[in-house]
There are 2 protein chains.
Amino acid sequence: MPSPRDASPRLQKALDETVETVEKTIKRLLPETNLAERHLFDAMRYGVLTGGKRLRPFMVVQAAALFNVDPSRARRTAAAVEFLHCYSLIHDDLPAMDDSDKRRGKATVHRKFDEATAILAGDTLLTLAFETLSDRDTHADPHVRIELVRKLAIASGGHGMVGGQMLDLIGEKEEFDLGTISRMQRMKTGHLFAFSCEAGAILGKADEPHKKALCNYAYDLGLAFQVTDDVLDVEADPRDTGKPANQDEKAGKSTFVSTMGKEQAKMRAEMLVHQAIRHLHIFGGRAEMLKELAMYVLQRRA
Amino acid sequence: MPSPRDASPRLQKALDETVETVEKTIKRLLPETNLAERHLFDAMRYGVLTGGKRLRPFMVVQAAALFNVDPSRARRTAAAVEFLHCYSLIHDDLPAMDDSDKRRGKATVHRKFDEATAILAGDTLLTLAFETLSDRDTHADPHVRIELVRKLAIASGGHGMVGGQMLDLIGEKEEFDLGTISRMQRMKTGHLFAFSCEAGAILGKADEPHKKALCNYAYDLGLAFQVTDDVLDVEADPRDTGKPANQDEKAGKSTFVSTMGKEQAKMRAEMLVHQAIRHLHIFGGRAEMLKELAMYVLQRRA
């Protein structure tokens, strides 16, 4: 698994802590079974527990901390977001989609198990995300739980993440302009980043300006993340990223790099990250980790 | 599309009414678009709007009527259940799963569009089910909405519908005993039938005994439905069902018919239907349509 290099020591420590505590929660929510259909649960655990930087859980946990939310509630919400994110990876890797054999240096779920199991494991993780959010243990107040459910559904549906993935597939055949690429990336990544940050505020019953600030931070960061992803696709070491180089070009996809060139793309990422950080001024000095996360997105090599 | 033959005139009228009103709701919740990714929404509409008996929506609407629920709320909930049901059909039909070219006499979604689009259309319908239930328009009380979300997630997840589909695939390679077949069918069909009936009671803030009665009715009916499905697989006219005969045997699946024989299976279905109807005694004479639905399951030819 590629580790998030070049993170500052204290960001690295906070990231490691999130990985550890959220994975404990994930394992509790997704226990091993001895049922005849255990295969399905093995595939889900495999798809969720094989590494990953856990950026979205980190955002949930950090945003929740700004409003003094009970950490166990934040971790359950973080796990739900990660279930959703991992379902999308499992389905995106399928032969009919991106047809990836490896992710994070390991066999993808459909290669390790089989295609049918991978489809069903993704379906179940998506469903489990909503099951987790709707549970009383996630928050005692049903207003909070239903807001989490509704906003996650919107962020990840046809006008959010899945719609973005559809656009991505269309982009293999059609050339996109910068506006369409930006809209696609906002759908693919931005909305779920925004939900992750806003979820912390929802759990803390924060007011609209604070929710809005976190969403704006997340949208800028999400776009910066995708721009750097496109840059890494052309210049990263496959040993760091765990995936082959130049995948986008091979797939014929329009990217920020193919549209604006690598240097322009790097400048754009930098601009977006600084803009993201400015949205956090509303929190005074209390959102340091989210600011460092933004800087890390610029510096990452994987 | 096979029409539900042999339904009594008044059941037929009620079924037709549900088809009409729920499809209107579905079209409103899933409008056509002119977005670049409209393909995705076209596939969703195709997957949801090409016929079907709408048994689950009918259960929601009929159960809700027992508690004088606002019909528009019942129809939204019914649409959500149908989104979920249709997502499961779209994914089950995929080449990696049941590999079906036709459903209800028409091309399946992955044949009409393509595999990637079918996977994403299913994902989006699943997500839209939760988006719909969590919307204020479905019920003003967040306690009601969150109970709907939670129970639908449990009914359709790894210990419900998707787990049942996993077992079904395992059953193509392993021989199942009657207990495992019954458990599988309860997961595949029973839990979503039970949710459909219970949803009406949840919307009406009914007490536990009434919820329980509706669930018990639905479980018995769901099992009867699957038993008759297995019978139809060996004896129905493909022109009625819109799918080839003997699919189960060809797929090497253990069914109620392969395990207990056709005549025993028919008797079992009859016994289950009468048991289902007895659970409705708690409603006195007010659940006539649900009783007729149960009788229809015995008589259907498609």
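The dialogue below takes up each term in turn.

Tutor: This is a predicted model, in which local features need pLDDT of at least 70, side-chain atom pairs count only at pLDDT 80 or more, and totals for chains, interfaces and linings use all residues. Residues are numbered from 1 along each chain as its sequence is written, while chains are lettered from A and ligands numbered from 1 in the order in which they are written.

Student: What is the mean pLDDT of chain A?

Tutor: pLDDT is the predictor's confidence in each residue, from 0 to 100. The mean for chain A is 94, and 98% of its residues reach 70 or more. For the complex, the predictor gives an ipTM of 0.95 and a pTM of 0.95.

Student: What makes the relation between chain A and chain B that of a two-fold axis?

Tutor: The copies are superposed by least squares on the C-alpha atoms of residues with pLDDT of at least 70 in both. A rotation of 180° with 0.0 Å of shift along its axis places chain A on chain B, with an RMSD of 0.0 Å. That is the relation of a two-fold axis. The same surface serves both copies, since 100% of the contact residues of chain A recur in chain B.

Student: Which residues count as being in contact, and how many does each chain give?

Tutor: Two residues are in contact if their C-beta atoms, placed from the backbone, lie within 7 Å. By that rule, 41 residues come from chain A and 41 residues from chain B. Helix 6 of chain A gives the most to the side of chain A that touches chain B, with 12 residues. Helices are DSSP runs of H or I with at least four residues, strands are runs of E with at least two, and both are numbered from the N terminus.

Student: Why does the radius of gyration of chain A agree with a compact globule?

Tutor: The radius is taken over C-alpha atoms, and the globule rule is 2.2 Å times the number of residues to the power 0.38. For 302 residues a compact globule would have a value near 19 Å; chain A has 18 Å, which agrees.

Student: Why is helix 8 of chain B called largely enclosed?

Tutor: A residue is buried if 20 or more other C-beta atoms lie within 10 Å of its own, exposed if 12 or fewer, and partly exposed in between, with C-beta atoms placed from the backbone. Nine of the 10 residues of helix 8 (residues 161–170) of chain B are buried, so this helix is largely enclosed by the rest of the structure. Among the buried residues are B:Met161, B:Val162 and B:Leu169.
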